[in-house]
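The entries cover salt bridges, strands and a pocket.

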Amino acid sequence: MRMRECFVASLVALSLSSTAGAEAMFETFESDPATSWTYLADTVMGGVSAGSATFERDATGAFVRLAGQVSTDNNGGFIQVRRSLSKRLPSSTEGVRLKVRGNGDTYFVHLRTKGTRLPWQYYQAQFSTTSNWSDIQLPLDTFKPSGQFLRQTPRAETITSIGIVAFGRDHTAFVDVHEVDWYEAAR
């Protein structure tokens, strides 16, 4: 009986460690996020948008805040915070999960892949914010290509970076992101 109890305890421990690994967030902004995330604006191509990405903490935890003025003057129109992926996603990945709050405006997630070689190529999906934290799920099949020479839907295993973006029109941007994760189909 003792051996059986040890075997069961080992299985439970293995199961818990596997579950813990599967549930780990891709990003919670707790562990030195400034080394992984980069702020970019349309000024790299002559635009005049201005903003910042700051790493903050409040009673709810750590988050990144993307804030500023987006201007379409001078063929511009974006500010973003972006992170490259250090390893490839499994092909079973179905989408992106975010925990966000903001000023009630619409924002975007941009994905770059091995096939988005030019700076203006990406896949885009939009999400809306409220003043309270909201969980958002964006299936990969809702991401639209920025041009006609890209696949219709990005493949998970080819994704190389993810960006949170204020984009496309003159407006004041203010969005906080508390978590970024990838999700797979329920098994």
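Predicted model: local features only at pLDDT ≥ 70, side-chain atom pairs only at ≥ 80, totals over all residues.

I began with arginine 83, which forms a salt bridge with glutamate 27, the closest N and O atoms being 2.6 Å apart; I count as a salt bridge a side-chain nitrogen of Lys or Arg within 4 Å of a carboxyl oxygen of Asp or Glu. Helices (H or I, at least four residues) and strands (E, at least two) are DSSP runs numbered from the N terminus. Both arginine 83 and glutamate 27 are buried, where buried means under 20% relative accessible area, exposed over 50% and partly exposed in between, with a 1.4 Å probe and protein chains only.

Residues are numbered from 1 along each chain as its sequence is written, and side-chain values use heavy atoms, with hydrogens and water left out.

Arginine 57 counts as exposed at 54% relative accessibility, whereas glutamate 30, at 43%, counts as partly exposed.

I then looked up aspartate 181, which forms a salt bridge with arginine 97, the closest N and O atoms being 3.8 Å apart. Aspartate 181 lies in strand E11 (residues 171–184) and arginine 97 in strand E5 (residues 93–102), so the pair ties together parts that are 84 residues apart in sequence. Aspartate 181 is buried, with a relative accessible area of 8%, while arginine 97 is partly exposed at 26%. I also recorded a network of salt bridges that links Asp58, Arg65, Arg101 and Asp176.

In what order do the five strands of the open sheet run? I read the order as E2-E3-E11-E5-E8, with antiparallel pairing; two strands pair if DSSP finds at least two bridges between them. Strand E2 (50–58) and strand E8 (134–139) are the edge strands, each pairing on one side only. Neighbouring strands of this sheet are turned by 30° against each other on average, direction ignored, with axes taken as lines fitted to C-alpha atoms, for helices over the stretch in contact, and angles running from 0 to 180 degrees between N-to-C directions. E2 and strand E3 (residues 61–70) pair over nine bridges, and glutamate 56 stands opposite phenylalanine 63 in E3.

**Entry 5, back to E4 and its partners.** Is E4 largely enclosed or open? Five of its seven residues are buried, so E4 is largely enclosed by the rest of the structure. Strand E1 (residues 37–41) pairs with E4 in the antiparallel sense over five bridges, and leucine 40 stands opposite glutamine 80 in E4. E4 also pairs with E10, again antiparallel, over seven bridges, and the bridge partner of phenylalanine 78 in E10 is phenylalanine 167.

Of the 18 residues that line the second largest pocket, the closest to its centre are Phe78, Gln80, Pro119, Trp120 and Tyr122. On a 1 Å grid over the protein atoms alone, a pocket is an open set of points where a 1.4 Å probe fits, with protein on both sides within 12 Å along at least five of seven lines, and lining residues have an atom within 4 Å of a point. Strand E4 (78–84), strand E6 (106–113) and strand E10 (159–167) each give two or more residues to the lining, and E10 has the largest share, four residues.
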